[in-house]
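Here is a walk through a two-chain structure, meant to be read with the model open beside you. We start with how the chains relate, then look at where they meet, and end inside the individual chains.

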2 protein chains.
Amino acid sequence: MILLKHPVSIIAAAAVGGKKEGKGPYGSGFDVIYDDDMLGQESWELAEAEFQHNAVQKLYEKTSLRPDLMFAGDLQSQCTASTATALRLQIPHCGIYGACSTIAQSIALASSFVSSGLSTNSLCVTSSHYCSAERQFRTPLDYGSKRSSTAQWTVTAAAALMISGAKKPPFIHRAMFGRVIDLEITDPANMGAAMAPAAVDTLIRYLAATVTNPCDYRAIYTGDLGLHGSDMFRKLAKKEGLIVDNHIDCGCEIYDIEEQEVECGGSGCACSASLLGIKIIPELLSSGGKVLLMSTGALLSPITVGQQKSIPGIAHLIELSAE
Amino acid sequence: MILLKHPVSIIAAAAVGGKKEGKGPYGSGFDVIYDDDMLGQESWELAEAEFQHNAVQKLYEKTSLRPDLMFAGDLQSQCTASTATALRLQIPHCGIYGACSTIAQSIALASSFVSSGLSTNSLCVTSSHYCSAERQFRTPLDYGSKRSSTAQWTVTAAAALMISGAKKPPFIHRAMFGRVIDLEITDPANMGAAMAPAAVDTLIRYLAATVTNPCDYRAIYTGDLGLHGSDMFRKLAKKEGLIVDNHIDCGCEIYDIEEQEVECGGSGCACSASLLGIKIIPELLSSGGKVLLMSTGALLSPITVGQQKSIPGIAHLIELSAE
C-alpha cells in the first residue's frame, strides 16, 4: 500500500465527451459534449487524441496551476493518443499502460510524486474512443458484426485532472497498485468477467493493509465491470467473506443501460476517469467521509486476442477523502 | 528534474539474451544465452515473456531482496510481455510505456518510490524480441522483406534490476523524464533519426537543470540510436553548442555491426537495459565518477505506421554515480 506522508489534492478535473455520453445520466456534467465523435479528424485514433487535448485545455481553464510532469495512458496500442497529447503539451511525460485502470494508476503515481516533493503539480490524462477501441480489440465497425450480450460500450471521452499539494479537498492519503490476475477469460466481449477478480484482489489487500471494512467508506467504486462483471465482483467478494453493499460501478452508471442499448454498460479508460470528476468528487465533497475508486483494466492486446490467449485483469485503487 | 532526497542503489542486475546477442562483443556478460530464441514457446510473443521471467529469476539468484512493487513495460502492443511477468510474479505492478526508453523510465520511477519510502525494493523489468518487434512494427519475418540501410536490429533479450535504499554503489541521485519530440520521421526503419532529437532535448534540459557540462560525466550513453541516429545526435547537439565527445550509444555497442550484419546497430528496450548491467555499471564501479544514461524510445504503433503518421521520440535520463 502507498501511504503518503503529506496528503495531496485533486485540485481540478475536466472531462469532454461524445454524443452518446452526452445523452447518458451524467451528460450534463461533461465540460463539453461534441456532436461529432470525429472532431473533424481524419481517423478515430486522431479524434481520440483530440478529445484528450481538449480535456487538458478545459482543465487549464479551471485552474491556473500548470504541471511539471504528466502521467498519461490510453487503450490504443503503444498509447498513441497520450503520446500525441504529450507532444502538444511539451512537458515531461511518463507514459503508463494500465488499460481502463489508467486514471487510478496515474493518480497513484502523480500523488506519490507530488507528496514526495518530486513534482509540484502533476497532470493525469486518459481517454477512450468507441470506434478506435472496437477496431483495435474486436471488429472494425464497418464490418457490422453483432454485439454480444456481455459486451460493454467503450466510452468516447477524455478526462484530465491536476494533482497538487494544495490544502483543498478532495484529498488522497492512500493508494494501492494492483496485481495482475487471470481467470482464463478469452472472450474480448466479456471484459467485466476478466476484470472482476482483480478488483476483488485489490480490495481484499487494501482492506487488510488499512485494517478497514467496506462499510468504512461511503462508496466503493469500480471502473467498468458492467452489469455482468459487477455481479461477479459482489459474488467473488462474498465468497471471501466481504459484503460490499456500497459498491457502485462506473460502467453501470455512465449510460442509461436499457435506453441507450449498451448491453452490459460502459467501459474504457474514460469511463471511471470522467465520472471521477463529474460524480464521485462532487458527491464526496457534499457528503463528506471517504470513498474508494478501483479503476479496472483488461490487459488484452490485438495480438493476444488473435492468438486466443486469456485476458488478465488489474485494478489500481485510490482512496479519496473529504478531510 | 527529479532530485532524490536520499540516493538509491541499483543493488543487482541480470540479463538473458538470444543467440545473436551471445555472439556480440558483450555476449559473455549475459547471465544466460539461449540457443533457441523461441524458448520452447508457441509464439514469439510468449517467448519474449519467457525471456523476461527468466531475467527476473536470474536477478533473484543475485540478491535475496524481494520487491514490493514492479515497474515494467515492453514494445508489444499493450505491453503484454510485462503483463505476463506480473501475472507470474504476483506483486503489485505499475505498467509503463516508453518504448525503448523503458528501462530509464522504470528506474526513474522506482528510484523515486524507494527514495520517498513508498517502496522498500522495486523491480524494473523490460524486454524486446527481434521477431515479435518485426512482426508488429514492420513486416512479419516470413515475408522475407529486404532490410533497409537505416534499419536497426531489435535485441532479443530481457533485463531485470532491483532498486533499493542500500548504501552500495551504483547510486542514483537524479533522473529526468523526457518530453515527446517529433521531427516528422515517418519511416519505421529509421528509428535513430526519430529518437535523436529527443535525446538532445533531454540532455540540454538536464545540463541546464544541474548546471553541468557533458565533460562532467565519464560517459553519456544513449539507448539505441544506432550509427545514423548517433551521428545525428552529435550533430544536433553541436548545433546547440554542445560537444559530446564522451557519447556512447548502446545500439552501436551491443553487436559487432559489420560482422553481425545489423545495418545501423541494435535497438529495442533490452538494448540499453542489458548493457546497463553488463557494461555501464561495471565500468562505472571500476572508473568512479558519474555517467548519464538516456534510454531512447520511438513512439510508433502498428496503427500509426499503417496510417503513415510521423514517429515521435522520447528520452528518459538517469544519472548513475559511483559515490
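Turn chain A by 180°, with a shift of 0.0 Å along the axis, and it can be laid on chain B with an RMSD of 0.0 Å. That is the relation of a two-fold axis. The same surface serves both copies, as 100% of the contact residues of chain A recur in chain B. To find the axis on your screen, look for A:Ile96: of the residues of chain A, its C-alpha comes closest to the rotation axis, at 2.0 Å. Please keep in mind that this is a predicted model.

## Where the chains meet

How many residues of chain A are in contact with chain B? There are 54, and they touch 54 residues of chain B. The area buried between chain A and chain B is about 4100 Å², and carbon and sulfur atoms give 62% of that. On the side of chain A, the residues that lose the most area to chain B are A:Gln78, A:Leu118 and A:Val180, which together make up 17% of what that side buries.

Polar links also cross this interface. Between chain A and chain B, 20 residue pairs are in polar contact. By type, the side of chain A that touches chain B divides into 28 nonpolar, 18 polar and eight charged residues. The rule finds two salt bridges across the interface. In a salt bridge with a 2.6 Å distance from N to O, the side chain of B:Lys309 meets that of A:Glu42.

## A helix that packs against both chains

Helix α3 of chain B, residues 80-89, is mostly covered, with seven of its ten residues buried. The buried ones are B:Thr80, B:Ala81, B:Ser82, B:Thr83, B:Thr85, B:Ala86 and B:Leu89. What do the buried residues of α3(B) pack against? Their partners in chain B are α2 (44-62), β3 (69-74), β4 (93-95) and β5 (121-128), and chain A contributes α10 (302-306). After α3(B) comes B:Gln90, which has a positive phi near 55°.

A:Ala104 belongs to helix α4 of chain A, residues 102-115. Its relative accessibility is 0%, so A:Ala104 counts as buried. Apart from residues up to four places away in sequence, A:Ala104 touches A:Ser295, A:His316, A:Leu317 and A:Ile318. The C-alpha atoms of A:Ala104 and A:Ala273 are separated by 8.0 Å, although the two residues are 169 residues apart along the chain.

The other alanine, B:Ala315, sits in strand β13 of chain B, residues 313-321. B:Ala315 is buried because its relative accessible area is 0%. Leaving aside neighbours within four places in sequence, B:Ala315 is in contact with B:Phe177, B:Gly178, B:Ala198, B:Ala199, B:Thr202, B:Ser295 and B:Thr296. B:Glu42, by contrast, is 273 residues from B:Ala315 along the chain, and their C-alpha atoms are separated by 33 Å.

Side chains of opposite charge can pair when their charged atoms come close. A search of the whole structure finds 24 salt bridges over all chains. Here are some from chain A.

| Lysine | Glutamate | N to O distance |
|---|---|---|
| A:Lys58 | A:Glu61 | 3.1 Å |
| A:Lys279 | A:Glu253 | 3.7 Å |
| A:Lys279 | A:Glu283 | 3.2 Å |

A:Lys58 and A:Glu61 both lie in helix α2 of chain A, residues 44-62, and are three residues apart, about one turn of the helix. Is A:Glu61 buried or exposed? With 57% relative accessibility, A:Glu61 counts as exposed, whereas A:Lys58 is partly exposed at 24%.

A:Glu283 and A:Lys279 are both in helix α9 of chain A, four residues apart, about one turn of the helix. An α-helix has 3.6 residues a turn, so residues three or four places apart point the same way. At 6% relative accessibility, A:Lys279 counts as buried. Its two partners are partly exposed: A:Glu253 at 24% and A:Glu283 at 36%. One more group in chain A is worth a look: A:Arg174, A:Lys290 and A:Glu319 are joined into one network by salt bridges that share partners.

Key: Residues numbered from 1 in each chain as written. Chains lettered and ligands numbered in written order. Predicted model: local features only at pLDDT ≥ 70, side-chain atom pairs only at ≥ 80, totals over all residues. Heavy atoms only, no water. Contact = heavy atoms within 4.5 Å. Buried area = accessible area lost by both parts, 1.4 Å probe. Salt bridge = Lys/Arg side-chain N within 4 Å of Asp/Glu carboxyl O. Polar contact = N/O pair within 3.5 Å; in protein donor to acceptor, adjacent residues only side chain to side chain. Nonpolar A, V, L, I, M, F, W, Y, C, P; charged D, E, K, R; others polar. Least-squares fit on C-alpha atoms with pLDDT ≥ 70 in both. Buried < 20%, exposed > 50% of the residue type's maximum accessible area, 1.4 Å probe, protein only. Helix = DSSP H or I, 4+ residues; strand = E, 2+ residues; numbered from the N terminus.
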